[in-house]
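Here's a protein to look over.

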Amino acid sequence: MKTQLLLTATGPRHTAMANAAAACWLARMPELSGVTIAGDDDAVALGLGHFDPVRRACALKLHAFDLIPEDCDAVLYADLDVYPFDPLPASVALRDVDFACIRDRWDDAEVNRVADSVGVRRHEYFNAGLFYARRGCAPMLAMARRFYDRLKWYDQTGFNIARHACNTKTVWLPWRHNAMDRHDDGMSLACSHAPHHAWPAWES
């Protein structure tokens with residue numbers, strides 16, 4: 001099983017961030033087969049060049065299997081503000097898993113409103129800033145692309161609709177992996193998507 005890390009970088013500033021993130025991921029997870037940093041040239045080649053840099057970066061993740069090497073079985077995608085403090089849980093271990101992701105902010109009224117508006121269960125609405133997917137998930141990503149930039153949060157809500165519609169077998173990473181904390185204090189991952197809260201009841 002070969003898993004490729006995918007990062008997206010649009011513009012010189014993001015390229016430097018991606019290089020730093022790639023080094024961090026590979027140091028923490030040496031079992032990764034390598035890193036693909038997709039950038040502006042990739043976006044243009046995929047017909048995404050008309051988007052602004054942020055939207056280009058978000059759109060690229062939905063083309064993950066067009067970007068990683070053909071001999072890779074799976075992709076691990078991370079936004080550039082996601083850094084690993086420890087490897088992903090042994091329960092996932094990037095093996096025998098179709099799709100793995102993290103629930104979004106469980107107590108955020110706007111997250112819940114968006115989930116309700118598209119018919120996704122609140123406790124299954126995930127944050128698209130970090131996910132693992134095997135190649136069998138390619139149809140799900142293709143469906144997500146149909147909704148791109150038509151709904152709240154660029155790629156995220158359409159991605160949630162697609163996961164729900166495809167009934168994708170999902171491993172839910174512990175919610176503590178989605179917390180705002182940039183210090184190595186025992187958290188496995190730090191990202192800026194969500195504040196540091198108590199965990200929801202279903203993670204206790």
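A pocket is an open set of grid points with protein on both sides within 12 Å along at least five of seven lines, and its lining residues have an atom within 4 Å of a point. Keep that in mind, and remember that this model is predicted.

Of its 204 residues, 51% count as buried. Look at contacts between residues at least 6 apart in sequence, and you'll find that 74% join residues at least 24 apart.

The largest one has a volume of about 280 Å³, and among its 15 lining residues, His14, Val54, Ala57, Asp79 and Leu80 sit closest to the centre. Helix 1 (12-28) and helix 3 (53-61) each supply at least two residues of that lining, with helix 3 giving the most, five residues. What kinds of residues make up the lining of the largest pocket? They split into seven nonpolar, four polar and four charged.

On to salt bridges, which number nine. Here are three of them:

| Pair | N to O distance |
|---|---|
| Lys2 and Asp71 | 2.7 Å |
| Arg55 and Asp52 | 2.6 Å |
| Arg113 and Glu110 | 2.8 Å |

The Lys2 and Asp71 pair links distant parts of the chain, 69 residues apart. Lys2 comes before strand 1 (3-8), while Asp71 is in the loop between helix 4 (64-67) and strand 3 (74-78). Arg113 and Glu110 are separated by about one helical turn, because they lie three residues apart in helix 5. Finally, shared partners join Lys61, Asp79 and Asp155 into one salt-bridge network.

Note on methods: Residues numbered from 1 in each chain as written. Predicted model: local features only at pLDDT ≥ 70, side-chain atom pairs only at ≥ 80, totals over all residues. Heavy atoms only, no water. Buried < 20%, exposed > 50% of the residue type's maximum accessible area, 1.4 Å probe, protein only. Contact = heavy atoms within 4.5 Å. 1 Å grid on protein atoms, 1.4 Å probe; cavity = no way out; pocket = protein on both sides within 12 Å on 5 of 7 lines; lining within 4 Å. Points joined across faces, edges and corners; volume = space filled by probe spheres on them. Helix = DSSP H or I, 4+ residues; strand = E, 2+ residues; numbered from the N terminus. Nonpolar A, V, L, I, M, F, W, Y, C, P; charged D, E, K, R; others polar. Salt bridge = Lys/Arg side-chain N within 4 Å of Asp/Glu carboxyl O.
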